[in-house]
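Hello,

Here is the structure I promised to pass on to you. Have a look at it first, and then read on for what turned up in it.

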Amino acid sequence: MSPTAIFGLGSGQWGWAIGVKAAITMAVSFSLGSYLFTPSLATLAALGSMTVLYERTTPYGYRAIALGFVGLGFVASVTVGSLSALNPWASAVAVGGIAGVATWLCQALRVDRPGPLFFVLVGAIATIVPGGLSEVWLHTGIAAFGAAIGWLVSMSGALVRGRHPENRAVAQAFTQLGALLRAVGTQRLDHVQHDASVAVAEAWRIMLLAQARGYRDTPKAARLRALLRWVSDIHLAATDVSMARTSPLPEEAARFADALAEAVARPERAPDPDALDELRRGLRPRSWETQLYNRLSRAAKAARRNEHENRDRGLELYDTSFPSVGNSLRSSLSRESLIRPTALRMAITVALAGVLGLALGMDRFYWISITATAVLQGGNVVLTVNRSTQRALGTLLGVVIGAGALLLDLGLATIIGLAALFQGLAQFTLTRNFFYGTVLITPMALLLAHTAAPFPVEELARARVLDTVLGSVAGMLGALLLWRRASATRLPQTIADVLDQARISITAVLDPDVGLSAERRYRLRRDLRAALVSLRGVYDSAIGDVPRATTTRPLWPVVVATQRTGYLALAALALENPPVASHITVQRLDLAFRELSDALLNRRTPRLGALPRLVDYPRVNMELRALSSSMRTAVAEDVRAAAMQEERRAQRERYHAQQEVDADL
């Protein structure tokens with residue numbers, strides 16, 4: 001493992017805003033809890049206030065409801081932890097149950113980071129707060145009090161920047177679009193294409209979550225939805241350009257997209273729509289580049305307006321504001337979902353880690369459970385090992401800092417100030433590197449735990465280090481032994497899902513008897529984009545599974561060809577008057593897609609035959625042939641790998657047989 005993987009800074013921005021909010025929330029909740037109750041009980045208020053760490057990017061209307069449920073989750077965790085505190089073995093199992101249920105719900109309902117970690121932390125600390133069954137309701141009430149403070153701080157931005165989450169999401173989509181335009185003609189294209197698609201999909205999600213009654217009917221909201229439609233259409237036009245062009249685009253086009261990102265919240269910064277006239281000069285009117293520049297210019301005209309009145313383009317998004325909770329939970333439990341094995345792995349590992357700690361005589365077993373939870377949030381085996389190393393090293397340094405602070409015998413006010421400072425700095429750095437965040441969050445956790453249940457500092461520090469090592473090892477073992485190839489196993493089906501969505505979309509565009517309404521067109525684009533985003537997510541997770549080289553890496557060319565085919569289908573859906581084809585052409589194309597999907601799922605060479613000639617969509621034919629070729633190569637590598645594995649097995653059998661003969665002699 002390279003030092004860069006552990007100590008290097010990731011891409012993105014520092015968490016200034018969330019760091020400040022986290023520090024303020026910790027200080028206020030801890031102080032008020034100490035004043036109204038006792039310092040020991042105040043730790044529950046401080047932990048409950050960590051609701052502020054969730055739903056950072058969602059619209060305020062949706063966030064108000066979502067954070068309320070997060071607060072209820074914290075209260076439920078405290079209740080379970082307090083009820084199980086009478087028996088340490090029950091506490092270990094209960095913390096594992098909290099980890100599994102929180103993982104399931106967070107992933108199924110798309111609860112923003114930090115995921116299940118703080119649910120486990122809240123429930124674990126509740127197991128050591130003094131009090132019996134009679135104090136359970138007091139504990140839950142104090143946790144709810146802290147959660148309310150976190151809710152208020154998180155929602156405070158609505159008073160001054162009510163539409164900031166939506167503006168930021170659409171602006172981020174334009175920013176990623178600029179990166180995509182810079183990547184045209186380079187080797188980074190496929191990766192940047194995925195990042196841009198994720199940004200556009202996230203912008204659609206945020207805008208849909210913002211569709212509260214009264215808000216969606218305002219001209220300013222309609223303007224923002226119009227810009228969302230433009231960035232989506234421009235992304236697909238850029239896809240056509242990237243497929244047909246092997247040289248980079250002029251830098252002016254990317255800078256134009258960057259300027260549109262700034263204009264989302266500030267119309268006065270919108271670029272001049274005529275600034276791209278020089279780039280259009282000399283191009284054919286129907287060329288892909290011309291269409292791209294035309295859409296950029298028209299988006300600039302929409303961005304220059306303070307309000308938007310065109311009801312045909314901006315008012316309707318053809319979707320529900322809130323996805324069905326029941327459907328989300330049911331789909332998360334399906335055989336194809338990665339959520340179910342992830343939640344089961346988390347629950348089993350965390351529970352067994354706590355039970356192991358108790359069996360070894362460790363009274364504060366919950367540190368092992370918390371560490372295992374943090375490590376397993378890495379996802380696949382490779383990321384889990386990386387996070388385990390970062391967690392162990394970061395905790396060692398954090399324990400030194402925390403123990404040093406506790407040895408100074410500080411007053412309560414100083415402890416509250418340090419806890420708030422460490423919490424804020426941890427959230428500031430976690431966006432860039434898990435190691436530095438762990439260094440800072442460990443002293444905060446030590447201060448809270450010591451305040452909740454005072455313990456000799458030297459023993460607490462030694463136990464914390466040992467618990468961290470055991471928790472890190474437990475997390476790695478859980479990732480290695482439980483559903484370690486869950487992503488790799490689901491990758492072929494995920495590829496087939498994209499091909500199926502692309503088949504439905506392209507045949508709907510080509511079929512002369514199908515009239516695509518605006519709503520049907522939107523739903524096809526939504527489902528296909530979601531399948532494409534899921535494809536790269538599953539592949540990125542599968543490449544970290546163990547073993548990975550024999551099953552996942554040979555499929556990378558298949559993934560790329562599938563992704564390109566899907567984006568071509570998306571681009572066809574973006575055409576206002578797409579050319580149609582004959583019925584026999586549509587039928588032959590449909591059969592070609594079905595044959596590729598069936599060959600992939602059965603791991604055999606596709607029998608594609610002659611593809612129908614698509615005069616108006618030549619890139620579709622090219623990518624289908626590339627997909628067929630990459631599948632043949634992957635199948636050949638599978639056969640070769642299977643033959644080598646069979647040969648190694650035969651060699652082992654011959655070796656053991658020879659050993660038995662030698663032993664008889």
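Let me start with the aromatic rings: this is a predicted model, and 9 aromatic pairs were counted in it. One of them joins Tyr-54 and Phe-119, whose ring centres are 5.6 Å apart with 65° between the planes, an edge-to-face arrangement. This pair links distant parts of the chain, as the two residues are 65 residues apart. Tyr-54 sits in the loop between helix H3 (39-48) and helix H4 (60-84), while Phe-119 belongs to helix H6. Both Tyr-54 and Phe-119 are buried.

Another pair is Phe-365 with Tyr-366: the centres lie 6.2 Å apart and the planes meet at 75°, so this pair is edge-to-face too. Phe-365 has 3% relative accessibility and therefore counts as buried. Tyr-366 is also buried, with a relative accessible area of 0%.

Going back to Tyr-54 and Phe-119, they form one aromatic cluster together with Phe-74.

Now to the cavities. H19 contributes the most, with 4 residues. Among the lining residues of the largest cavity are Leu-117, Trp-367, Met-444 and Arg-464. By class, this lining has 8 nonpolar, 1 polar and 2 charged residues.

Enjoy exploring it!

Best wishes

Conventions. Residues are numbered from 1 along each chain as its sequence is written. This is a predicted model: local features need pLDDT of at least 70, side-chain atom pairs count only at pLDDT 80 or more; totals for chains, interfaces and linings use all residues. Side-chain values use heavy atoms; hydrogens and water are left out. On a 1 Å grid over the protein atoms alone, a cavity is a set of points where a 1.4 Å probe fits but cannot get out, and a pocket is an open set with protein on both sides within 12 Å along at least five of seven lines; lining residues have an atom within 4 Å of a point. Ala, Val, Leu, Ile, Met, Phe, Trp, Tyr, Cys and Pro count as nonpolar, Asp, Glu, Lys and Arg as charged, and the others, Gly among them, as polar. Rings of Phe, Tyr and Trp (its six-membered ring) pair if their centres lie within 6.5 Å; planes under 30 degrees apart count as stacked, over 60 as edge-to-face and the rest as tilted. Buried means under 20% relative accessible area, exposed over 50%, partly exposed in between (1.4 Å probe, protein chains only).
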